[in-house]
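Please look at the sequence and the structure first, and then read on.

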Amino acid sequence: MTGTELGLAISVLLACAVEAVEALTIVLAVGVTRSWRSALAGVGAAVAALAAITAALGPALTALPISVLRVAVGGLLLIFGLQWLRKAILRAAGLKERHDEEAIFGRQRAQALQAGAVAEGIDAYSFVIAFKGVLLEGLEVVFIVLTFGANQHDVSLAALAAGVAVALVTLAGVLAHRPLARVPENTMKFAVGVMLASYGMFWSAEGCGARWPGSDAALLAIVPATLAGALVLVAILRRAQAAPSAGTVRT
Amino acid sequence: MRAIRAAALGAWEFVVGDDWRIALGVAAALAITALAADATSSVWWIVPAATALVLAGSLWRAARRR
């Protein structure tokens with residue numbers, strides 16, 4: 001496995017694990033409170049929809065010329081990665097509330113309890129909430145799998161990494177039977193943001209005709225430089241936070 | 001028609017997210033890189049420099065909005 005492939009696998013694994021933890025919290029809340037059968041049916045339907053999207057878009061993306069693919073998909077990956085990194089930096093600096101799976105689980109449970117009586121057979125509320133939760137969190141994973149996989153011409157490796165992450169999170173959820181609040185989600189999101197932005201910069205600039213010094217080895221400098229830059233921004237924002245008028249951003 | 005509009009809005013939200021200026025900055029950096037690459041191939045620094053600037057600018061605006 002080359003360094004680029006390893007980076008691809010790690011990025012997809014981390015991103016997928018984070019999204020799977022978030023989806024698991026939603027499914028657990030409706031499953032425990034209302035109907036496991038309906039919640040799992042919702043999960044199954046969402047996974048089928050995600051698989052269909054991946055199967056439809058994967059071959060179409062890999063059929064594009066490499067320069068077009070690198071500009072378009074690399075650019076999208078960079079924009080998407082910067083959104084992740086922006087939120088992660090704001091959270092690390094204390095300017096945005098951190099993701100709290102226990103609190104989210106509590107809110108989802110309260111809403112599920114207030115949603116009326118549980119229907120016999122398939123409970124529509126449990127099905128829809130589980131379906132929406134898994135589909136929305138899964139779409140981010142599909143996006144990352146397809147963009148990384150297509151650029152690297154290895155969608156199967158990206159899909160395998162995503163599958164491993166889902167399996168691990170599902171196993172942990174089954175064993176714990178509660179939200180995975182101890183997973184360092186914010187740190188993982190920070191790492192994913194750094195990786196997505198780094199690979200996005202590399203591929204999109206290359207697609208535009210830029211030649212990186214050292215070719216693929218440039219990634220060994222881009223990833224640490226992006227991480228260092230992000231940590232400097234966290235330090236600057238934390239220092240600014242110490243000023244008297246500090247508060248929390250809601251974005 | 002309403003479904004198409006909702007899908008387009010959803011896709012915009014999904015990719016562009018909280019700050020559209022990041023997407024605009026990245027698109028501008030890629031356009032400048034593509035134009036400059038016709039003259040020289042030493043244009044690799046444009047995208048990282050622009051990325052640092054748009055991210056710092058976006059964070060600065062978010063911090064000011066507190």
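## Chain A: overall form

A compact globule of 251 residues would have a radius of gyration near 18 Å, and chain A agrees with this at 20 Å. The radius is taken over C-alpha atoms, and the globule rule is 2.2 Å times the number of residues to the power 0.38. Along the principal axes, the C-alpha atoms of chain A fill a box of roughly 65 × 55 × 25 Å.

This is a predicted model, in which local features need pLDDT of at least 70 and side-chain atom pairs count only at pLDDT 80 or more, while totals for chains, interfaces and linings use all residues. Residues are numbered from 1 along each chain as its sequence is written, and chains are lettered from A and ligands numbered from 1 in the order in which they are written.

Chain A contains eight helices and zero strands, which gives the pattern α-α-α-α-α-α-α-α along the sequence. Helices (H or I, at least four residues) and strands (E, at least two) are DSSP runs, numbered from the N terminus. Of the 251 residues in chain A, 48% are buried. A residue is buried if 20 or more other C-beta atoms lie within 10 Å of its own, exposed if 12 or fewer, and partly exposed in between, with C-beta atoms placed from the backbone. Among the contacts in chain A with a separation of 6 or more, 88% join residues 24 or more positions apart; two residues are in contact if their C-beta atoms, placed from the backbone, lie within 7 Å.

V142(A) belongs to helix α5 (residues 124–151) of chain A. It is buried, with 22 other C-beta atoms within 10 Å. Leaving aside residues up to four places away in sequence, V142(A) touches L50(A), I53(A) and T54(A). The C-alpha atoms of V142(A) and C16(A) are 8.9 Å apart, although 126 residues separate the two along the chain.

S215(A) is found in the loop between α7 and α8 of chain A, and counts as exposed because it has 9 C-beta neighbours inside 10 Å. Most residues other than glycine have a negative phi. The phi of S215(A), however, is positive, near 55°. A243(A), in the segment after α8 of chain A, is also exposed, with 8 other C-beta atoms within 10 Å. From C-alpha to C-alpha, A243(A) and N186(A) are 24 Å apart in space, and they are 57 residues apart in sequence.

## Chain B: overall form

Chain B has three helices and zero strands, in the order α-α-α. Its radius of gyration is 16 Å, whereas a compact globule of 66 residues would have one near 11 Å. The C-alpha atoms of chain B fill a box of roughly 45 × 35 × 10 Å along the principal axes. Of its 66 residues, 32% count as buried.

The mean pLDDT of chain B is 88, and 100% of its residues reach 70 or more; pLDDT is the predictor's confidence in each residue, from 0 to 100.

## Helix α2 of chain B

Helix α2 (residues 20–37) of chain B has 18 residues and spans 26 Å from its first C-alpha to its last, close to the 26 Å expected at 1.5 Å a residue. The expected span is 1.5 Å times one less than the number of residues. Its buried residues are I22(B), A23(B), G25(B), V26(B), A29(B), L30(B), T33(B) and A37(B). Seen down the axis of α2(B), they fall within an arc of 165°, so they line one face of the helix. This arc is that of the directions from the helix axis to the C-beta atoms.

The buried residues of α2(B) pack against α3 and α7 of chain A, and also against α1 (2–16) and α3 (46–64) of chain B. L24(B) lies in this helix too, but counts as partly exposed, with 13 C-beta neighbours inside 10 Å. L24(B) and V54(B) are 30 residues apart in sequence and 9.1 Å apart in space, C-alpha to C-alpha.

## Where the chains meet

In the complex, 33 residues of chain A are in contact with 29 residues of chain B. On the chain A side, the elements that give two or more residues are α3 (66–92), α7 (185–207) and α8 (219–241). The most come from α3(A), with 12 residues.

The residues on this side of chain A divide into 23 nonpolar, eight polar and two charged. Here Ala, Val, Leu, Ile, Met, Phe, Trp, Tyr, Cys and Pro count as nonpolar, Asp, Glu, Lys and Arg as charged, and the others, Gly among them, as polar. For the complex, the predictor gives an ipTM of 0.90 and a pTM of 0.81.
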